[in-house]
Amino acid sequence: MARFRSNRWRQLGQSMAEYTVVMAALVGGLLVANRGACPDEYEDCIEYLLTVMHDNYDGYSSSISAVHEYATDYEVSESTGGWENGDGGDGSDDGSSGGGSNPEPEMPISQTTMITAYGGMSNLGEYDPSTGLVTQNGEIVGSYDPNTQVFESVDGETIGNAQATDVVADADGNVLQREAVTNCAEPAGVIGFGYRSQADGNFYDSLQFNEMDVDGEGYCTEASYQVWDNQGNEDGGRIVDGYYYAVSTTPAEYLDTGVKEPDGEVVFFDLGGGSYQCAVMAYGWDSGIDTEDLSDEEIYAEQLKLLLEPNEEETTKIGTMDSEHYYTQVYAYGETPSPNDCVSSRVITAP
């Protein structure tokens, strides 16, 4: 289901409608399910499309050494971490051999889809959407029906309510969390996003999975948190230190463009009686409230009206923090808990 957001506050740097038109023109009706978008500052969206097509279907286990099967007519990356087309490189392939080509080198990290059950506690294996098969360590263990969310093992056992989850993993099969690259300030100034491989210890960008040099002076990395949009779909942005960044799939070159301005802030609304919201609001969402002439009670009432605005074309609410992802980060990956279990920049309570 596509994301819908008011044109006034819709992602800044992302356009799924334009993305779909480009895909239709280039791949002749091939449907590629992707939640991100090509950043405005990144000009080669064809390159982006090919990378996502590859990564969405690539395995993550070290036992899987499949050859990358997407087209190589386009140069995927100019950096040493990517691949070049057959006419480039050192000239060893002049196109005259006609005897096949060497397999592409396996990427140190890749994106894949995992099938999990029992609230994510049981990992059933890697899912191939093109065949419906689920594998572990290269062996077929069953099949998955995304329509019924039923996993059926090769032994005939069925498990209902199984979930397909897109993950990024390193060469050893470790599932990786997307991290923010910051300027080490407090609060953090975000420069880009990527993944730290547990297999080789290197850091890779979140767009092309090319290596990034972020271990020098002036760079820090820290946790980022997922967002659900107002329709309950996963948002492509990330929360870092209480602020929301709409574009979190960034190439290595993004580091050269400096600190990014946030697109929103996270606000913990204490609604009383045990009710609350960890809301992601568009940056400057309550700047139009007259704080000089209104009482504290009236200001609070106006803030709640903005939070609860039902008109999708008028709302300044982007979504809510993904609490399940937050708890996973905190309790499974050892991140520091935030007050109210909400990675917020401020708290709003009734006066």
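Strand β15, spanning residues 234–240, is largely enclosed by the rest of the structure in this predicted model, because six of its seven residues are buried. Buried here denotes a relative accessible area under 20%. On one side, β15 pairs with strand β14 (residues 225–229) through three bridges in the antiparallel sense. Within this pairing, Asp235 of β15 is the bridge partner of Val227. The hairpin formed by β14 and β15 has four residues between the strands, and Gly232 in this hairpin adopts a positive phi near 85°.

Strand β15 also pairs with strand β16 (residues 243–245), again in the antiparallel sense and over three bridges. Here Arg238 is placed opposite Tyr245 of β16. Two residues lie between the strands in the hairpin of β15 and β16, where Asp241 has a positive phi near 50°.

A separate description applies to the strands numbered from β1 to β8. These form an open sheet of eight strands, with antiparallel pairing and the order β6-β5-β4-β3-β2-β1-β7-β8. The edge strands are β6 (158–159) and β8 (175–176), each of which pairs on one side only. Inside the order, strand β3 (residues 133–136) runs antiparallel to strand β4 (residues 139–145), and four bridges join the two. In this pair, Thr135 stands opposite Ile140 of β4. In a regular strand, side chains alternate between the two faces of the sheet.

Helix α3 comprises twelve residues, 296–307. From the first C-alpha to the last, α3 reaches 17 Å, which is close to the 16 Å expected at 1.5 Å a residue. The buried residues of α3 are Ile299, Tyr300, Gln303, Leu304 and Leu307. These residues lie on the same side of α3, because they cover an arc of only 140° around the axis.

With ring centres within 6.5 Å taken as the criterion for a pair, the count comes to nine aromatic pairs. One aromatic cluster is formed by Tyr225, Tyr326, Tyr327 and Tyr331. Tyr225 of this cluster belongs to the residue range of strand β14, 225–229. A charged side chain is placed over another tyrosine ring: Lys260 lies over the face of Tyr254, at 4.2 Å from the ring centre.

Definitions and conventions
Residues numbered from 1 in each chain as written. Predicted model: local features only at pLDDT ≥ 70, side-chain atom pairs only at ≥ 80, totals over all residues. Heavy atoms only, no water. Buried < 20%, exposed > 50% of the residue type's maximum accessible area, 1.4 Å probe, protein only. Pairing = 2+ DSSP bridges. Expected span 1.5 Å × (residues − 1). Arc of directions from axis to C-beta. Phe/Tyr/Trp six-rings, centres within 6.5 Å; stacked < 30°, edge-to-face > 60°. Lys NZ or Arg CZ within 6 Å of the ring centre and 35° of its normal.
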